[in-house]
Amino acid sequence: MALTDFQLVRPRTLDEAITSMRTHADKSVRATRILAGGTDLLPSMRQKLFEPEYVIDLRGVHELRGIRETEDGVEIGATITLNEIEGSKLLREKYPVLVEAAKAVASPVIRNMGTIGGNICLDTRCLWYNQSLAWRKSCGFCIKKDGDLCHVAPGGTKCWAAFSGDTPAALLCLNARLEIASASGTRRILVSDFYTGEGDNYRKLQANELLTKIILPHSSSGYRGTYRKLRIRGSIDYPLAGVAVAVKRSNGHVDDVRIALTAVNPAPMLVPGLAALAGNGCIDEDAAEYAGTLAARTARPLTTSALTPEYRREMVRVFTKRALLAAMQS
Amino acid sequence: MNNFSIIGKPIAMVDAAEKTTGAGKYTDDLSVPGMLVGKILHSPHPHARIKRINTSRAEKLDGVVAVVVGSDAPNPYGILPVGHDEHALAIDKVRYVGDNVACVAAETEAIAEQALELIDVEYELLPAYFDPEESMKAERDFIHENKPHNVEKDYHHAFGDPEKGFAEADLVEEARFIANEVTHAAMEPHSTLASFELDPHTGKLGRVTVWSSTQVPYYLQHKLSLVLEMPMSQIRVIKPLVGGGFGGKSEVIPLEIIAAVAARKTKRPVKITYTREEVFWAHRGRPRTIIDLKTGAKKDGRITAVKARVVQDGGAYCSYGVVTILYSGALLGALYDIPNIQYDGYRVLTNKPACGAMRGHGTVNVRFAFESQLDEVAAKLNIDSAEIRRRNLLQPPCITVNGLRVQSYGLPECIEKVVEGSGWKERKGKLPKGRGLGLACSHYVSGAANSIIRSDMPHSTVNVKIDRDGGVVVYTGASEIGQGSDTMTAQIAAEVLGCSLSRVKVVAADTDLTPIDIGSYSSRVTFMAGNATLRAAQEVKKQIASAAAKKMGCGPDELTFRNDVVTRNGSRNPNPAIEVVSRAEGQSPHPVTPNPGATRMEHPTGSSASVSGHVEGQILRGSLQQKRKEDETPRESMSFEEAVVAAIDFHGALTGTGSYAPPPEARGGKHKGGGVGPSPAYSYSAQVAEVSVDEETGEVTVHKVWAAHDCGRALNPVAVEGQIIGSVWMGMGQALTEEMVWKEGLLMNPGLLEYRSPSSVESPEVIPFIVESIDPEGPFGAKECSEGALAATIPAIANAIYDAAGIRLHESPFTPERVLAALRAKRNAKSLNLTEGVDPTSPTRFREHGGAVWFRGKGAKRYEADRMPTNSATD
């Protein structure tokens, strides 16, 4: 499958990047795509899911690099690779849940290229969508691209393509914010507000806007926890379900429990109703089981990927329970 | 111990350096001036009549040279003489999503892809069949008009007296097993480059050269000749390096014909390389197989009878299907002593890509069922799994009830090796909860005793030529596809001639240069091409020996060829290094692994004292000089080169030919279909797998596999071990993760991201044991080693899961959802509504989904609930 012709734009500064986005993005909706690691974009372009006129390569923009402590917390540049997150001592010490989630992404080769920004902006996935043009044509296309049907839900008008990034589940638990830049300035948004829950219009990012950094607040730095990922192979695979758990403890008490899910809804989601778990001395099997049930209730997997939805929902329950018990040990 | 200098030593593959450095050229690496790129338009419908194809818009696109359609090459072909049901491009009908409709030849890939969108095809949709058992009920709209009820072929065999056998049994076990569809997933996608030459007399298109990723260059040459209506001698097929075949390249694949037809139409070279999705559509993998199996046994575990009804979901074309369904029945025999066998096999057509041959062709799925059921029999009779297999061993040499001749039989030793290696006696049934051991056996042919082309021609022929400086060239049609065929050929030639491996160059798989060989499939190359090489080398050796003997004043039988020296038997100085003729340093065509264990002398360097030296012109003068140097007294030894020079002076050109045809005694019974299954020799395998099962998630982890394989003699032990490990790994893929998932004829996972071959993370430790039964007819006693081991892995894992968790899985792959469903069913826990794919007695829902539990979307059709189509579909 050939790549269709496009112009590669290689800005060297953030200003240049934003200027070129403003110049090109206004022309048409699909005029530009951002390339950070390219691990998801390039296969999708070959499948003709995107046929941009301009590809803006952010790898030369030094402002988007770096992991540093600031007044607000720890800032991560959007083009920091997942491998760099894995190797960061600072993050490992303060935000281990994020490191765990980054380690779970795809395979080492892909983590060397793939970026945290790309993982956050990752396109939603569905078996009826992530296919070649010829394949999609043979099923009459779908709502998300070129068509009007949903093959997952009969009569549906909503796109259920699942958000399949690993790290946003951890970022949700850590109450992270995203900084978004455009020609009209910068804005900050909570990760929990970034996603829409619509598979075909999944994130709140305009065509002329750029995700520049991720801010992890100081208040989340005491959280311990882990990330559990359901996949068939131990490497390469996208998550079929992902559970991030972060627990804050002090003086032998559980102060706060946060659980977030990914790959089972069109958006990564925090599990609500966990307040009851806080305040106890420790979280036992029963409490973990209860959290698992809540998590399973939050998950709405459909047949967008391998394994049956029932099984994936059940695994959300099991993984949540296990992750929570493991977090208590850490 | 044997007394070989090269055979039995671990030797690096002769093409290892090319492959590991990236210097080697595969078909897609090739290009010729003026070459066009071909792109194929595939059918979007599973079953439809083509009413009209209009290519004019595509042809007008700048950069498009021609659009090829079915009428450009209307002759049918197929790998089997009984199955000529394919056309390179569809003539009147398409039969699966992905069937080939038209091909654009253009200056670039992007232009060709663009042009595909401009071809207008009008289809008339026909009812499509996706499940074999439904397809068999069809009364009209057959996939091929000459195949009523969509049954490609059915066979009904009874050997011995099955009814009596079951009547005598103390225990009869019966169950349905399902093995879902898997594919080869070779690393290299198929690729073909075709280029015509102009005829020097007429100026019109003349000979054609086709470079292709194929296991069977001669079959390709033959089918091209049928379709192009050209004599075979005008068609040259060259096989460059091939990145794995596993059966997926063991027949003619549409792109190979299409590239040649496009090259003819455009009068320019055309290359087509499949995308991974197209590789899945070309497929020819292992069919989804439904096996109703019944085994009867006495209280002591002796099997009295076996009955199997096998239905194979063959896809839209015959391919190797008739052979597959026969292997499935025939290979019930030749592993154990089974006195009575009944077999009913149905190869059924469905509107999906054609299934064909895949590593362990025909035997793997039935072996999964059989070995699983034998384990159940053992459990019910309270007999150890290893012991029940020992009690049913054959007593070779023998001919089985279904006409298979068994000679060498290393199965008992294979069982002992893995039982010992795994600590079976101490550990089986005693591991902690959730962990278990399972044992299973398998076997496979070393090539088919009857070739599919039904000819009396030898199956392999090999030529050997020796140059004046002692360089040996072996010409073989056998196709190196990564399995080590070229290395094996070089080893056998070098061993017979007593020369160093670096002297031997193998020229393989070029139909203009190499004598005919029917190809690399059914594990036939070592046995057949190996025997042909052995004979060709022996013939040349005879000529050298007679000339050398004359010089040495002895009989030719009194000479030993070894380590580049020809020695008189009984001489006191059998290895006079000083006499060895040198070859210039760096001339070695192939690297040889340092081999501390071998007594073989390493390739001598130019510094050693030489008889004929290696200065310019020396080769031609050599014999004259030698003459001068010779004493009157007969010599006790001479260098290989001296002997070669003597022979060339005496005989003229030094060449030899050897061929191999299986002996008549090995060709099987006379019953209908009895030609498939017989082999000159069978390999044997036994394996123990250690697994753990997570009872909460259903995830199965394979920790370790002990795999013993009887390959007759290990010509190259490191290659044999590689094949055993590879077989286990590939079998594990089918056992746990690999499955082609269909929805209304659409393949849901046509890529290596969603079709999940195991990654290195899941790869267990594999402990290979080589068992050498020394076959009386194999070259140096060798048999096959690359397919037989695979079939044991799946049931070994299934049996280990049973040991670990007490659940018997009847359907592969054992995905976590299937395992969890079985665990819940066992505990009578709240059902997860996952059982329909696991419980074979309630298959209705399962069939509706074309084979897999893991996908249950609503499908490609527009449903009543769906909105009316809109025209503003695109953004």
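Chain B holds an open sheet of 6 strands in the order β7-β15-β14-β13-β8-β31, with mixed pairing. Strands β7 (151-159) and β31 (811-812) of chain B stand at the edges with a single partner strand each, so one side of each has no neighbour in the sheet. Two strands pair if DSSP finds at least two bridges between them. Helices (H or I, at least four residues) and strands (E, at least two) are DSSP runs, numbered from the N terminus.

This is a predicted model: local features need pLDDT of at least 70, side-chain atom pairs count only at pLDDT 80 or more, and totals for chains, interfaces and linings use all residues. Residues are numbered from 1 along each chain as its sequence is written, while chains are lettered from A and ligands numbered from 1 in the order in which they are written.

Strand β8 (residues 171-179) of chain B runs parallel to β31(B), joined by 2 bridges. I178(B) has E811(B) as its bridge partner.

Next come two helices. The axes of α10 (residues 364-381) and α19 (residues 790-805) of chain B come within 8 Å and cross at roughly 35°. Axes are lines fitted to C-alpha atoms, for helices over the stretch in contact, and angles run from 0 to 180 degrees between N-to-C directions. Residues of α10(B), including F368(B), meet residues of α19(B), including I794(B). Contact means C-beta atoms, placed from the backbone, within 7 Å.

Finally, turn to where the chains touch. The contact takes 37 residues from chain A and 43 residues from chain B. On the chain A side, α12(A) gives the most, with 5 residues.

Conventions: Two residues are in contact if their C-beta atoms, placed from the backbone, lie within 7 Å.
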